[in-house]
Amino acid sequence: MQLVLNPQTLRYAWGSSTEYWFSRIDYSIYNVYDLPSQDHSKLVENGFIPFLTISNEEVIRSYIKSLNNKKVADVFDKLSSYDCVETFWKYFNAYSDISSGFDSFENEYVQKKVIDWCEENGVNYKIESE
């Protein structure tokens with residue numbers, strides 16, 4: 001069996017902490033509320049592991065670092081989590097040098113994180129585009 005990594009599967013990584021669980025039994029990803037138990041220890045006993053979670057802030061901070069723009073990086077380094085996300089979208093809409101390239105960076109970042117998660121957890125996977 002393999003976990004198919006495609007845009008739909010990658011969207012599960014945007015869930016909140018422990019919202020999605022991966023089944024080692026059928027290689028599917030489930031919302032915790034669709035499972036027969038929400039007791040994390042019972043889920044683990046039954047072959048489930050928490051699917052990874054990626055936050056907007058995590059992607060944004062990585063993207064800002066990738067721009068290699070010290071002035072912009074300095075602004076974001078001083079911001080709280082909430083302010084980081086809010087400020088990013090303001091910059092995104094105002095400056096094309098910040099907005100161009102973000103979508104492809106975000107897709108690549110999430111895919112790499114999911115691949116890393118699969119490898120760390122011994123989950124076989126294949127990459128498939130839509």
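Let's start with helix α4. Val72, Ala73 and Phe76 are buried there. Why do these three sit together? They cover an arc of only 100 degrees around the axis, so they are on the same side of α4. Now turn to the other side of α4. Lys70, Lys71 and Asp77 are exposed there. One thing to keep in mind throughout: this is a predicted model.

Next, α3. Its buried residues are Glu57, Val59, Ile60, Tyr63 and Ile64. Look down the axis of α3. The buried residues fall within an arc of 165 degrees, so they line one face of the helix. And what covers them? The cover includes α4, α5, α6 and α7. Just after α3 comes Asn68, and Asn68 takes a positive phi of about 55 degrees.

Let's step back to the whole chain. How many helices and strands does the protein have? Seven helices and five strands. Along the sequence, the pattern reads β-α-β-β-α-β-α-α-α-α-α-β. The C-alpha trace spans about 50 × 30 × 20 Å along its principal axes. The protein has 130 residues, and 35% of them count as buried.

Now contacts. Take the contacts in the protein with a separation of 6 or more. Residues 24 or more positions apart account for 64% of them.

On to the cores. The largest nonpolar core has 32 residues. Which of them touch the most other members? Leu3, Phe22, Phe51, Phe88, Val114, Trp117 and Val123. Several elements each supply at least two residues of this core: the strands β1 (3-5) and β2 (20-23), and the helices α3 (56-66), α4 (70-77), α5 (81-94) and α7 (102-120). The largest share, seven residues, comes from α7.

Leave aside residues up to four places away in sequence. Phe88 then touches Ile60, Tyr63, Ile64, Phe76, Ile98 and Phe102. Some of these names have come up already. Ile60, Tyr63 and Ile64 are among the buried residues of α3. Phe76 is one of the buried residues of α4.

Leu43 lies in helix α2, residues 40-45. Is Leu43 buried or exposed? Its relative accessibility is 3%, so Leu43 counts as buried; the cut-off for buried is under 20%. Which residues does Leu43 touch? Not counting residues up to four places away in sequence, Leu43 touches Trp21, Val32, Leu35, Ser37 and Phe48.

One distance to go with that. Leu43 and Phe22 are 21 residues apart in sequence. In space they are 9.8 Å apart, C-alpha to C-alpha.

Then the charges. There are 12 positive and 20 negative charges. How far apart are their mean positions? They are 6 Å apart.

Methods:
Residues are numbered from 1 along each chain as its sequence is written. This is a predicted model: local features need pLDDT of at least 70, side-chain atom pairs count only at pLDDT 80 or more; totals for chains, interfaces and linings use all residues. Side-chain values use heavy atoms; hydrogens and water are left out. A nonpolar core is a set of buried Ala, Val, Leu, Ile, Met, Phe, Trp, Tyr and Cys residues joined through side-chain atoms within 4.5 Å. Buried means under 20% relative accessible area, exposed over 50%, partly exposed in between (1.4 Å probe, protein chains only). Helices (H or I, at least four residues) and strands (E, at least two) are DSSP runs, numbered from the N terminus. Contact means heavy atoms within 4.5 Å. Lys and Arg count as positive and Asp and Glu as negative; His and the chain ends are not counted. The place of a charge is taken as NZ of Lys, CZ of Arg, CG of Asp or CD of Glu. The arc is that of the directions from the helix axis to the C-beta atoms.
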